[in-house]
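User: I'm new to this one, so please pick a single spot where parts of the chain meet and walk me through it slowly. After that, show me another part to set beside it.

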Amino acid sequence: MRLEVQCKDRLGLTRELLDILASQNIDLRDIEINKAGLIYLNFPEVAFDEFSQLMAKIRRIEGVIDVRKIPFLPSERRNMELLAVLSTLPDPVFAINLKGKIDNANQAVASLFNRDKEALIGEPANVLLPNFNVMYWLEESRVRQRESMDIEGMNYVMEIMPVYITDDDNTSILASAVVIIKPAMDSTLARPFIPESSNLGFEHFVGSSTKYKTLISQAKKLSDIDQSLLIQGETGTGKEMLARACHNASIRSGKAFMVVNCAAMPDDVAETELFGYAPGAFPNMPEGKKGIIEQADGGTVFFDEISEMSSLLQIKLLRFIQDGNFRRVGEEKEIHVDVGIIGASKKELLDLVEQGVFREDLYYRLNVLFLEIPPLRERPSDIATLFEFFVAQLCKELNIVKPSISEEVYEYLRSYSWPGNVRQLKSSTLKALTQMDRNQLETSHFMLPISEAKTASMMDINVDGTLDEIMKSYESMILTGLYGDFPSSRKLAKRLGVSHTAIANKLRDYGIGKK
């Protein structure tokens, strides 16, 4: 129970307040005094009659103007507001006390270091900053300082800042320190929500799972090797994004990064687009044109969905990779360029080689270095991290306040298979944000499609028995299939547009959802 007492500045008034509490055997937990004539009291809940007597006694004190019940003391309110701000920051932030231990940390810290947030409180700060002497800084330095740090093979910048308070003599006293961690490429220490694709680095990749961290660590090492790279991954896993990061971390980073979509390039124009053509090679085209390969000299060419490349173009690309020489269409002389090659495919190229669809010699020329991006369903711990990142990013784009999100939403997203991977998660998040009618994101806003396997199982209908029995069997199959994506009677009722009672009865009749 908390009270705010408005009073005049009179010597002994506070003492009388405390005497009244003591006379009624009320244990005072906390007291705050404001210079503006406000005294705040915090004590355990008391019975209504006792509380009425207490309020009457306080009002009779000379100099008391008013007394009222309040939900929080000023310090409690400020503390809760600061914690709320801290928890919503997208960057890792934590506080260190004068003993060098972690006082507070936001969820971004826990995700970055793959640690439990609550377990970090009270731990020595050097568990997160092993290469920084925290105690020396607290005792000797006490100035704003930046340090580079490596986390799971990725580069970051740590900035530590002192927090001072002023005592009654206007003397500044060190109270604690605050640490903020940012991607190394961001010199302004202001993390962009949507990084420029040309400046994309490994620090912009979002994921806390062991599989994903291993992938990024391996990609960082391979980017130092100037050899052909093959990236394997399902649709929507971010193959082009990873290729750009590898290029930007390589010795070719200052040069062009050119993208060739092999699936969208017709065979009759593919050769001229890739290798260009000589002056006069075509009617009404007196001037020649440089192709993508020539424009990328010194840089990198990324062949997206290289499995869709025609057999003719495979031969020409193989020859170019062998010695770096090619001819423009309609020209006899050879041109030599120095270009890095990155290929990407959602299909297993070795299977296509065995089927005779993809050239074996080209496969081995491309597959000097290899990276495989795991699908989202194989790293479920990344789903919540990515979702939170997309919510923050899209809310900024849409100019809306970040909504309240229940744990039910996170469970719902983790239970889905995500056949479209990260791209589908982002687009689904965008759709859900546009479906909100108030500042609360719910599972019903997502409307995720049912997987093909689930649909196929639902269509396997047993036609034995009467029409009523067949219809009940089909209805049970439909509800069973949908229940996995809408795991409660209320969600399922909203999805199917019927009453909650009707669905609850059917789930009970068919035994769906029972443990």
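Analyst: Let's start where Lys472, Glu475, Ser476, Leu479 and Tyr483 in H18 meet Ile503, Lys506, Leu507 and Tyr510 in H20 (contact means heavy atoms within 4.5 Å). This is a predicted model, where local features need pLDDT of at least 70 and side-chain atom pairs count only at 80 or more, while totals for chains, interfaces and linings use all residues. Residues are numbered from 1 along each chain as its sequence is written, and side-chain values use heavy atoms, leaving out hydrogens and water.

The H18 and H20 contact has five nonpolar residues, one polar and three charged (Ala, Val, Leu, Ile, Met, Phe, Trp, Tyr, Cys and Pro are nonpolar; Asp, Glu, Lys and Arg charged; the others, Gly among them, polar). H18 covers residues 467-483 and H20 covers 500-510, and their axes come within 11 Å, crossing at roughly 105° (axes are lines fitted to C-alpha atoms over the stretch in contact, with angles from 0 to 180 degrees between N-to-C directions). That makes H18 roughly perpendicular to H20 (65 to 115 degrees).

Methods. Helix = DSSP H or I, 4+ residues; strand = E, 2+ residues; numbered from the N terminus. Parallel < 35°, antiparallel > 145°, perpendicular 65-115°, else oblique.
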